[in-house]
Structure formats: C-alpha cells, structure tokens
Amino acid sequence: MTDRRTASISSRKQPKQARSTELVATILEAAVQVLAKEGAHRFTTARVAEKAGVSVGSLYQYFPNKAAILFRLQSDEWRQTTELLRRILEDAERPPFERLRALVHAFVRSECEEAEMRVALDDAAPLYRDAPEAREAKASGRGIVRAFMQEALPEASDATRALAGDLIATTLSTVGKRFSETPRTPAEIATYAEAVADMFCAYLEQLQRR
C-alpha cells in the first residue's frame with residue numbers, strides 16, 4: 001500500500017527534456033525566494049507560481065502541493081550537506097584531524113551563508129519530518145561519518161566510535177544553527193569554527209590515548 005505521506009511530498013514526475021528541467025529549476029528558484037521572504041507559514045504554491053511566472057497548473061505538473069516543493073528544497077539541502085561530508089571526510093590524502101578541522105570550517109561557514117533558508121526549512125519540517133524519504137536522506141551522511149570515525153579512531157571500540165561520531169555530528173549541527181542565528185563577519189566565523197574544531201580534535205585525541 002502506498003503511504004499517503006510519502007505520496008504527498010513526492011514530485012508528480014521528473015523532468016526529462018531540457019525545457020522541463022529549466023521549468024523545474026525556475027520553480028525551485030522562485031520557491032527559495034518566496035520562502036526567504038515570506039517564511040514557511042505564508043509559503044503557498046500560488047505565490048511560488050506567481051514569482052516563477054508560470055501557471056499554478058504548470059507547477060502542479062511537477063509538485064502536487066507546497067509540501068512537495070519544500071521537501072525538494074530540503075532534500076537538495078541534505079544532498080549538498082552529504083556531498084560536503086563526502087568531499088572532505090573521504091579525502092584520504094589528508095590526515096583525519098585535518099579533514100575534521102576543514103569540515104568544521106566549511107560547515108559553520110555554510111550555516112551562516114544560508115541561515116535564513118535553513119530557519120525557514122526548519123519551520124516547514126513538520127510537513128515531512130516523519131516521511132520515509134527524510135530518514136533515507138540522512139542515512140548516507142551518517143554512513144560517511146561512521147567510516148571517518150573508523151579512520152580517526154582505529155583502536156577504539158565500535159561503541160566508542162559511534163558515540164564520538166554522534167556527539168560531533170549533533171554538536172556541530174546544534175552550535176552551527178545557534179551561531180548562524182546572528183549575522184557574523186568572516187573573521188568571527190573563522191574564529192568560532194577554529195575553536196569548535198579545537199574542541200573536537202582534543203576530544204578525539206583523548207579517546208586515542210585511552
């Protein structure tokens with residue numbers, strides 16, 4: 001049986017031609033602008049269609065409702081975060097602690113650059129938070145962190161590595177969100193990220209010595 005929640009946030013069809021791909025890109029760009037300006041509570045398909053310069057009917061060909069649009073934006077954000085994790089943490093040419101430090105700087109900078117959008121998407125989260133797609137979208141990121149922890153803590157137990165990975169991921173997400181709530185200068189971002197990276201590296205060094 002098809003899950004109603006799953007169906008309600010799934011795109012009606014995927015664009016196959018260049019013109020259709022451009023239309024979807026236009027709709028999503030308009031959705032970003034409407035979301036940033038109006039917020040999740042005033043976000044509607046009608047406003048998105050108007051901003052995109054297309055009919056509501058054209059929009060509905062690809063997105064059945066506003067939840068589907070918001071979920072697509074959130075999915076794209078998750079995908080970008082996963083690619084960030086993969087690009088940095090899987091770079092075997094750099095030592096693990098150097099990779100971790102680079103990730104912290106990149107993540108905190110990204111949080112600050114996209115703060116308004118992230119806040120708006122957080123407000124919209126109840127529309128799709130429990131959907132199977134939401135759980136699947138986050139699973140790949142956890143796998144990347146788990147593999148990194150095996151490199152950073154090769155002598156530690158599975159339980160210790162799992163705890164360390166969860167603590168770092170949760171802390172980074174939490175402090176990044178809180179820090180980005182206030183406009184920051186590049187110097188402030190760099191200083192804060194370096195302090196967080198120092199804290200994580202010191203924690204892993206302590207675990208290595210046990």
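The lining of the largest pocket is made up of 20 nonpolar, nine polar and 13 charged residues. The model is predicted, and the pocket has a volume of about 1300 Å³. Helix 9 gives the largest share of the lining, eleven residues, and helix 9 also packs with helix 10 (residues 186-209).

**The largest pocket**

- In total, 42 residues line the largest pocket.
- Trp78, Thr81, Lys138, Ala169 and Ser173 are the lining residues that lie nearest the centre of the pocket.
- Two or more lining residues come from each of these elements: helix 5 (66-89), helix 6 (96-113), helix 7 (115-124), helix 8 (132-152) and helix 9 (158-179).

**How helix 9 and helix 10 pack**

- Two packed helices are described by the angle between their axes and by the distance between those axes.
- For helix 9 and helix 10, the angle is about 165° and the axes are 12 Å apart.
- Angles over 145 degrees count as roughly antiparallel, and helix 9 and helix 10 are therefore roughly antiparallel to each other.
- The crossing of helix 9 and helix 10 is right-handed.

**Residues in the contact between helix 9 and helix 10**

- Helix 9 contributes Thr160, Leu163, Ala164, Leu167, Ile168, Thr171, Leu172, Val175 and Phe179 to the contact.
- Helix 10 contributes Glu188, Ile189, Tyr192, Val196, Met199, Phe200, Tyr203, Leu204 and Leu207.
- By class, the residues of this contact are 15 nonpolar, two polar and one charged.

Terms used:
Residues numbered from 1 in each chain as written. Predicted model: local features only at pLDDT ≥ 70, side-chain atom pairs only at ≥ 80, totals over all residues. Heavy atoms only, no water. 1 Å grid on protein atoms, 1.4 Å probe; cavity = no way out; pocket = protein on both sides within 12 Å on 5 of 7 lines; lining within 4 Å. Points joined across faces, edges and corners; volume = space filled by probe spheres on them. Helix = DSSP H or I, 4+ residues; strand = E, 2+ residues; numbered from the N terminus. Nonpolar A, V, L, I, M, F, W, Y, C, P; charged D, E, K, R; others polar. Axes fitted to C-alpha atoms, helices over the stretch in contact; angles between N-to-C directions. Parallel < 35°, antiparallel > 145°, perpendicular 65-115°, else oblique. Left-handed = near helix turned anticlockwise from the far one by under 90°. Contact = heavy atoms within 4.5 Å.
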